[in-house]
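I opened my notebook to work through this one step by step. Here is what I looked up.

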Amino acid sequence: NQVLGKIEVGGGNLDQYRTFYSCLYRSLLFPRKFYELDEAGKPVHYSPYNGQVLPGYMFTDTGFWDTFRCLFPLLNLMYPSMNKEMQEGLINTYKESGFFPEWASPGHRDCMIGNNSASVLADAYLKGIKVEDVKTLYEGLIHGTKSVHPTVSSTGRRGYEYYNKLGYVPYDVKINENTARTLEYAYNDWCIYQLAKELKRPEKEIQLFAKRAMNYKNVFDKDSKLMRGKNEDGTFQSPFSPLKWGDAFTEGNSWHYSWSVFHDPQGLIDLMGGKDMFITMLDSVFSVPPVFDESYYGQVIHEIREMTIMNMGNYAHGNQPIQHMIYLYNYAGQPWKAQYWLRQVMDKMYTPGPDGYCGDEDNGQTSAWYVFSALGFYPVCPGTDEYVVGAPLLKKATLHLENGNSLIIHATDNNKKNMYIQTINLNGTEYKKNYLRHEDLLKGGNINFQMGSQPNLSRGTEEESFPYSFSKVLKKIH
């Protein structure tokens, strides 16, 4: 009750309450404490990295490939003191092993891809969760961009030599899931860029990571308007099927991974040919039949089967890479489409029954998605202070924040048919933006969503109401 009671929901039905609190509960199971208190009451841990008993915090059993997306942002918002312990534990992992973890269980595990410890560390620090040894934090992040663990290739950056030289990990150099790695490394570089600015690092260093943050463009294929494997000589992989799972991607296909540009949706919009084409491509995810090519795996893996069973086209919510995609409608000025599809996912893919999850729960990420989405907003891009507005599921929610403030969310006239936001009122004033700021949420107060059965086609169409996008920042700088 103490932990789950941090969020109180009302105005729904019993099934919705059971689903919400089951998701909140599962969001808070991992990572696990891997420390205890000594006779003086100070934390001490056995290190799975060097076999020693050492002072300080340690946590384990979490995979950042999943949980950077919204699980750790949920901790930053609702449980910051617990997450500070976790951040200190990550510093200890680097000190004891030479690398930040990407998947700990209990030590480094060779599992999944990416360098998303950069997202977890940067987002926490930028949201006010300050570790004591920030010098070591930053040192570890830089080290991870130019090295890979000698025995656990998922820790550090596999393929960093190619990525740092060419701006992408090639398809034909026998590094699996190369395009997915490129996309995640580019976002991870943007996270380091954000932290480098905050720490007032040398301008040359800041600009290096700003440049690398745009590397996602190197694997964009203008013909298909999707992300595609690219060979070392600069040609694209051939043949290419957007329906092929794995290969250049991780447990997904090009339809799923082409949206993994968390930090720069406007740049992706420009690559695809503008907002109208971007919307068309988003729509296509749902209109393409749930067909697939499993030849890379040689079998139908459970993530594929879960997509086909859910029957929402090629939208595969049971796997993490696409879970933010619906919110991208906000960046192109059609937030009502996000509101429609979010409600479909919440109503159809989460239930309180034995089969109540639509796929891999993965250390709390799929649960945290529901918690945020049911409240009405979502952290599309950890590393910013913005939460993109969605479609609240319940009529009321009260967030009891750790700073002593309470944020009360009302969704007036909310029901199964009234899924569309008509207006938003923040502390008595009409609010026109498609996003909410972290600092505003921490102040507490009242947010009122007026809901209706028809889309409000005029709300959220103004450019200044769109959420953060890195290309816009660069244009202002230039």
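Where is Asn-363 found? I traced Asn-363 to the loop between α14 and α15 (365-375). For the naming, helices (H or I, at least four residues) and strands (E, at least two) are DSSP runs, numbered from the N terminus.

Before going on, I noted that this is a predicted model, where local features need pLDDT of at least 70, side-chain atom pairs count only at pLDDT 80 or more, and totals for chains, interfaces and linings use all residues. Residues are numbered from 1 along each chain as its sequence is written, and side-chain values use heavy atoms, with hydrogens and water left out.

I first wrote down some background: most residues other than glycine have a negative phi, and most peptide bonds are trans. Asn-363 has a positive phi of about 60° although it is not a glycine.

Asn-311 sits in the loop between α13 (302-310) and α14 (335-349), and it is exposed, at 55% relative accessible area.

Then I went looking for cis peptide bonds. The bond from Ser-105 to Pro-106 is cis, with omega near -10°, and Pro-106 lies in the loop between β8 (103-104) and α5 (117-126). The bond from Ser-238 to Pro-239 is cis as well, with omega near 0°. I placed Pro-239 in the loop between β10 (226-227) and α10 (254-257).

**Cysteines**

How many disulfides does the structure hold? I got zero, counting a pair of cysteine sulfur atoms within 2.5 Å as a disulfide. For Cys-111, the nearest cysteine sulfur is that of Cys-70, 18 Å away. Cys-111 is buried, at 17% relative accessible area. For Cys-358, the nearest is the sulfur of Cys-23, 9.2 Å away, and Cys-358 is buried at 4%.

**The core**

A nonpolar core is a set of buried Ala, Val, Leu, Ile, Met, Phe, Trp, Tyr and Cys residues joined through side-chain atoms within 4.5 Å. The largest one has 133 residues, and Trp-369 and Phe-20 are among those touching the most other members. Helix α8 (residues 178-198) gives this core its largest share, eleven residues.

I then followed Trp-369: beyond its neighbours within four places in sequence, its contacts (heavy atoms within 4.5 Å) include Cys-70, His-317 and Tyr-378.

Notes:
Buried means under 20% relative accessible area, exposed over 50%, partly exposed in between (1.4 Å probe, protein chains only).
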